Amino acid sequence: MFKTRFSTLLRPLHRALLLGVLPLLMASPLRASEQPLDESRWQQTLQEARGQTVYFNAWGGSPEINSYLVWAGQEIERQYGVKLVQVKVDDIAQSVSQLLANQQAGKTEGGPIDLLWVNGKNFKALKEQHLLGTPFSTELPNMALVDETLPVTEDFTVPVEGLEAPWGIGQLNLMVNEQEVATPPTSAQALLTWAQAHPGRFTYPKPPQFHGSSFLKQILLELTPDPAPLYREATDADFDRLSAPLWAWLDALHPVLWRKGKLFPTGAAETRQLLDDGELAMAISFNPQEAQSAVQNGTLPPTVKAVAMAKGALTNSHFLAIPFNASARAGAKVVANFLLSPDAQARKADPAFWGDPSVLDPAKLGVKAISTTGAPALRFKAVAEPHPSWQLRLEAAWAQRYGH
């Protein structure tokens with residue numbers, strides 16, 4: 001009932017966004033260099049894409065995201081004649097391995113993956129192994145609307161160079177049930193102190209699952225007075241020195257975790273379910289609006305809200321990439337461009353549907369808000385992602401110390 005009324009209210013703003021942006025698409029530069037969009041080339045892409053099926057490998061652990069992609073698929077097929085199929089994966093690293101196997105087998109075309117939801121170490125691996133096609137993002141009309149102040153030109157310090165199109169912003173936060181946590185912790189020390197006073201009421205997903213590895217990086221940033229070395233390739237000396245406080249902190253935390261740190265959730269979906277079941281008082285999220293969205297749709301108690309570290313929330317952009325041997329490359333470009341459209345980004349930013357912040361610039365849209373509600377998406381103070389080499393080392397060291 002709520003969603004029906006809400007959607008009715010949103011239609012005028014959707015139309016306003018679209019009407020306001022059409023002149024911008026004709027007049028705005030595609031990128032900082034002001035190279036004009038090749039309209040004839042884009043029309044050719046649209047024609048080539050019609051009738052194609054795009055297999056989109058994306059994390060499938062969120063019902064809200066999956067529902068959003070169902071809506072997107074319906075719109076894309078209606079508007080462009082392109083069918084979108086979400087291939088749900090637990091970890092996009094599986095898709096990277098699949099592409100590497102294709103490359104080694106000489107399968108240079110007709111590949112099973114047309115579009116990837118990717119960032120961080122997986123993008124670094126794709127780029128280094130030459131598993132992506134030619135740069136494509138500058139061909140997308142809606143790239144003209146992207147907020148260039150966001151981290152969209154580098155992915156975990158690795159230059160994007162047109163090989164990815166930005167899709168959204170992620171920030172690590174705690175979904176806290178304030179009925180049980182009177183003063184939500186906003187520092188590593190406060191979190192440890194709370195966990196020790198409330199044994200069994202907190203945990204984090206097992207690395208290398210994305211949310212678990214992100215939690216390690218967040219705490220590492222919290223415990224590192226001078227983070228400069230974290231933003232370059234990790235050396236043995238730097239890693240040993242800077243990670244030592246993290247291991248000491250985890251050694252103190254693990255005995256008071258859920259299941260006494262002997263068993264870790266397999267992912268964010270499991271920790272969120274444990275929060276909803278009342279087994280946990282806090283759960284980790286990488287979407288600043290996930291808590292609000294889950295409260296609105298009834299999958300988390302109304303007393304849950306998002307809290308970030310006072311020093312800053314680990315923040316990154318997530319992207320869309322096209323593999324080197326995609327079967328439906330034109331269709332993949334059309335899908336990526338639609339997912340960057342004002343309508344799609346506004347719906348994505350709405351907590352009633354997903355709650356993932358938009359990457360579009362409100363000034364370029366001619367409106368103050370970039371969500372369907374007319375309110376800007378929640379964002380926390382940001383701390384940039386370390387160099388990908390730190391994540392790889394953290395995961396390996398964690399497995400050696402705590403892997404069961």
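Analyst: In the largest cavity there is about 40 Å³ of space. A cavity is a set of points on a 1 Å grid over the protein atoms alone where a 1.4 Å probe fits but cannot get out, and its volume is the space filled by probe spheres on points joined across faces, edges and corners. The model is predicted: local features need pLDDT of at least 70 and side-chain atom pairs 80 or more, while totals for chains, interfaces and linings use all residues. Residues are numbered from 1 along each chain, and side-chain values use heavy atoms, without hydrogens or water.

With a limit of 30 Å³ or more, the count is one cavity. Its lining (residues with an atom within 4 Å of a point) consists of Leu-172, Asn-173, Leu-174, Phe-215, Gln-218, Ile-219, Val-307, Ala-308 and Met-309. Two or more of these residues come from each of β7 (173-177) and α7 (210-223); helices (H or I, at least four residues) and strands (E, at least two) are DSSP runs numbered from the N terminus. Helix α7 has the largest share of the lining, three residues. Seven lining residues are nonpolar, two are polar and none is charged; Ala, Val, Leu, Ile, Met, Phe, Trp, Tyr, Cys and Pro count as nonpolar, Asp, Glu, Lys and Arg as charged, the others as polar.

Helix α7 also supplies at least two residues to the lining of the largest pocket, as do α3, β3 (115-118), α5 (121-128), β6 (164-171), α9 (268-277), α10 (290-296) and β10 (313-321). A pocket is an open set of points with protein on both sides within 12 Å along at least five of seven lines. The volume of the largest pocket is about 810 Å³. It is lined by 40 residues, and nearest its centre lie Trp-59, Ile-65, Trp-117, Phe-210 and His-211. The biggest contribution, five residues, is that of α9. The lining of this pocket holds 16 nonpolar, 16 polar and eight charged residues.

Arg-272 and Glu-290 form a salt bridge, with the closest N and O atoms 2.8 Å apart. Arg-272 belongs to α9 and Glu-290 to α10, so this contact ties together parts 18 residues apart in sequence. Arg-272 is buried, at 10% relative accessibility, and Glu-290 is buried at 18%. Buried means under 20% relative accessible area, exposed over 50% and partly exposed in between, for a 1.4 Å probe and protein chains only.

In total there are 14 salt bridges, each a side-chain nitrogen of Lys or Arg within 4 Å of a carboxyl oxygen of Asp or Glu. Another joins Glu-139 to Lys-333 at 2.7 Å, N to O. Because Glu-139 sits in the loop between α5 and β4 (154-155) and Lys-333 in α11 (residues 329-339), the pair connects parts 194 residues apart in sequence. Glu-139 is buried at 11% relative accessible area, and Lys-333 is buried at 10%. Arg-41 is linked with Glu-139 and Lys-333 in a network of salt bridges.

A further salt bridge pairs Glu-180 with Arg-201, the closest N and O atoms being 2.1 Å apart. Glu-180 lies in the loop between β7 and α6 (188-197) and Arg-201 in the loop between α6 and α7, 21 residues apart. Glu-180 is partly exposed, with 33% relative accessible area, whereas Arg-201 is buried at 18%.
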